[in-house]
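The following briefing accompanies the model displayed here. Please read it alongside the sequence and the coordinates.

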Amino acid sequence: MMTQVDSTRRSFLGLDSPGAALATVGAIAVSAAAPMGSAAAAQARNSTDVDILNFALNLEYLETEYYLRGVIGTTADAAFRTSLGGAVRGGRKVAFSRPSHDGLFRNIAGNEVQHVAFLRSVNGTAAIPRPVIDFEAGFAAVAAAAGLPDFDPFANEMNFFLGAMLFEDVGVTAYKGAAKMIRNKRILEAAAGILASEGYHMGAVRSVIYKMGDRARARSIALSNLRDTLDGPQDFDQPVVKIGDKSNVVPANENGIAFGRTPQHVLNIVYGNPAQGILQGGFYPEGVNGRINAS
Amino acid sequence: MFFPQLSSTRRQTLRMMSAGLVGAGLASCADLIPQNVGLALLPNPLTGPAVFNFALNLEYLEAEYYQRGVYGRGLPGELIGPNPGAVTGGRQVTFRTAYVREFLAEIAEDEFNHVRFLRRTIASSPLVEINRPPIDLSNSFRTVGRAAGLGDNFDPFADEASFLLGAFLFEDVGVSAYIGGSDLIAGSPSLEAAAGILAVEAYHGGLIRAQIADMGPAMIAKADSISRARSAVESPNNRTQPVGVDFPLLKEQAISSGDMFPGEMVVSPTDAQGRTFGRPPQDVLNIMFLNPDPDVRRGGFFPDGVKGVVRHARIGAAAQGKA
């Protein structure tokens with residue numbers, strides 16, 4: 001009854017030996033360290049609600065481009081009929097086997113477009129432009145570091161589900177981690193609504209990964225381990241697996257509470273680099289925009 | 001298709017995008033936030049424990065639903081308080097699909113853990129009531145079934161598809177309740193835990209909606225009809241609330257109602273800004289009592305009412321300064 005779905009479970013399952021992955025991550029990381037390791041902490045301390053929403057906007061740009069390219073076969077610039085900022089490299093339309101898979105991703109794509117529009121609107125003239133995004137280099141680095149040499153999320157349906165999981169689980173933890181930093185209650189409630197929307201997405205996506213079976217689940221373990229290797233010593237991550245007679249679709253601790261990540265740990269993951277003070281790399285070859293930009 | 005007004009909201013977003021008007025078109029919600037800053041910074045009339053006490057009622061309901069459906073038993077004695085109310089109805093479901101049972105067993109464990117966590121968190125606080133309230137899982141669902149056009153004897157424990165429909169009803173409401181409560185506990189140590197529970201309930205909601213979407217048009221139509229019934233018992237008062245939630249049109253979104261991209265299935269119910277709907281406590285209580293009356297104090301899933309300070313719709317409204 002009380003089999004705990006908590007972070008210690010990872011050790012029990014023997015999932016925490018990604019030493020090889022760590023070495024690879026170190027090798028692929030773009031080393032552009034900030035002058036002082038404490039710069040990131042200072043960024044977190046001094047951030048305003050505008051800074052936090054801009055930080056989130058970087059992630060929403062990434063998700064929007066991922067889904068628009070993979071699901072609809074278009075780009076955010078085409079959808080918004082204007083250039084939103086930096087160049088985006090990679091991504092192409094994926095074929096889905098079931099109407100429900102196509103349908104759920106269309107819903108997610110629409111939501112991400114709305115998130116971008118909303119955050120840009122709230123921050124107004126202070127809203128950051130889209131940073132340069134590189135799916136090709138980003139996913140190539142992930143594939144190497146996770147030990148999944150053929151991992152191209154746009155190559156097939158299963159990989160696209162896994163690529164969605166890679167980004168959006170992180171989005172949920174980013175909003176949860178930022179909740180206590182937000183000062184304005186209206187902004188807080190809006191952020192809670194976006195957090196929930198991303199949680200819905202991941203509940204749907206991860207349930208499909210579970211139903212896809214052993215190969216998809218094994219890949220979710222590799223990706224979860226990679227994220228966990230990048231974001232510091234604490235265990236904030238869980239793969240899609242079966243534990244006893246239960247699924248583990250929802251990443252949650254022994255209290256049924258989802259994990260949160262600081263902006264710095266989020267940046268460790270999207271920059272593909274576990275070091276502090278990193279300013280670019282991975283999916284953001286020129287770094288994210290805004291005042292919160294160092295891991 | 002069932003909610004032309006909501007669909008048109010979503011269509012509007014796409015149209016504005018196509019016209020390059022997103023920034024201008026959505027400026028109204030940006031305006032809303034600064035305008036409300038003064039009010040939003042007023043001190044809370046409710047404490048974290050009072051809000052968690054309110055949430056505990058919903059978690060009891062969910063936990064009893066899943067424990068009974070998956071295992072054929074209720075919560076253990078140590079988790080229901082010294083003077084617990086009775087639970088009417090509910091029995092073990094015969095699952096035909098292994099992964100559906102595995103999903104529901106996982107959700108059952110999360111909800112069990114939520115009850116345990118909330119009880120432990122608020123146990124020593126003043127003015128909280130941690131006994132399980134009386135819960136009805138039988139007449140309540142028959143009422144929902146009639147309202148949704150699913151016949152006179154809707155029983156969510158009859159088979160796994162029906163059990164998913166009952167889960168669909170609860171999880172969406174749980175998510176919206178935690179969002180609606182988030183501004184009540186801003187700045188409180190409870191906020192981070194509440195955000196983490198919110199996220200878990202949202203994962204559940206997405207999981208359940210994805211299964212329903214995958215089961216085909218007949219199942220989707222049933223879920224959509226439950227969504228409509230759920231919406232029908234909410235008091236339609238948000239439009240006039242000065243500090244109300246800023247998505248005043250509708251708080252419901254059925255699985256088949258999306259239309260931003262053709263073929264869309266709504267696994268994530270949101271407003272036109274992509275935010276999942278929040279419900280203030282009074283709207284949650286109207287749904288739990290299956291009654292839109294602002295004076296209602298009991299009924300539906302809680303035949304004797306709920307426990308804690310926030311226990312009927314008018315108190316819920318007063319707690320948010322909207323009475």
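**Interface between the chains**

In this predicted model, 65 residues of chain B are in contact with 68 residues of chain A; two residues are in contact if their C-beta atoms, placed from the backbone, lie within 7 Å. On the side of chain B that touches chain A, two or more residues are given by each of α1 (4-18), α2 (22-25), α3 (27-35), α4 (37-40), α6 (98-122), α8 (160-182) and α9 (190-214) of chain B. Helices (H or I, at least four residues) and strands (E, at least two) are DSSP runs, numbered from the N terminus. The largest share of that side, 20 residues, comes from α9(B).

- By residue class, the side of chain B that touches chain A holds 34 nonpolar, 21 polar and ten charged residues. Here Ala, Val, Leu, Ile, Met, Phe, Trp, Tyr, Cys and Pro count as nonpolar, Asp, Glu, Lys and Arg as charged, and the others, Gly among them, as polar.

**Conventions and confidence**

- Residues are numbered from 1 along each chain as its sequence is written, and chains are lettered from A and ligands numbered from 1 in the order in which they are written. Local features need pLDDT of at least 70 and side-chain atom pairs count only at pLDDT 80 or more, while totals for chains, interfaces and linings use all residues.
- The model scores ipTM 0.88 and pTM 0.87.
- Chain B has a mean pLDDT of 81, with 76% of its residues at 70 or more; pLDDT is the predictor's confidence in each residue, from 0 to 100.
- Residues 1-44 of chain B have pLDDT below 50, and this stretch has 73 contacts in the model beyond near neighbours in sequence.
- In residues 237-250 of chain B, pLDDT likewise stays under 50, and the model has 26 contacts beyond four places in sequence for them.
- Where pLDDT is low, the predicted coordinates should not be read in detail.

**Chain A and its helix α11**

- Chain A contains eleven helices and four strands.
- Of its 295 residues, 62% are buried; a residue is buried if 20 or more other C-beta atoms lie within 10 Å of its own, exposed if 12 or fewer, and partly exposed in between, with C-beta atoms placed from the backbone.
- Among chain A contacts between residues at least 6 apart in sequence, 74% join residues at least 24 apart.
- Helix α11 (residues 263-271) of chain A is largely enclosed by the rest of the structure, because nine of its nine residues are buried. Among them are A:P263, A:H265, A:N268 and A:Y271.

**Nonpolar core**

- The largest nonpolar core has 179 residues, of which A:A191, A:L195 and B:L198 touch the most other members. Such a core is a set of buried Ala, Val, Leu, Ile, Met, Phe, Trp, Tyr and Cys residues joined through C-beta atoms within 7 Å.
- Helix α9 (residues 185-212) of chain A gives the largest share of this core, 15 residues.
- Not counting residues up to four places away in sequence, B:L198 touches A:A192, A:L195 and A:A196 as well as B:V175, B:Y178 and B:I179.

**Loop residues**

- A:R81, in the loop between α5 (76-80) and β1 (88-89) of chain A, has a positive phi of about 55° although it is not a glycine. A:R81 counts as exposed, with 12 C-beta neighbours inside 10 Å.
- B:L127, in the loop between α6 and β2 (135-136) of chain B, is not a glycine either, yet has a positive phi of about 65°. B:L127 is exposed, with 11 other C-beta atoms within 10 Å.
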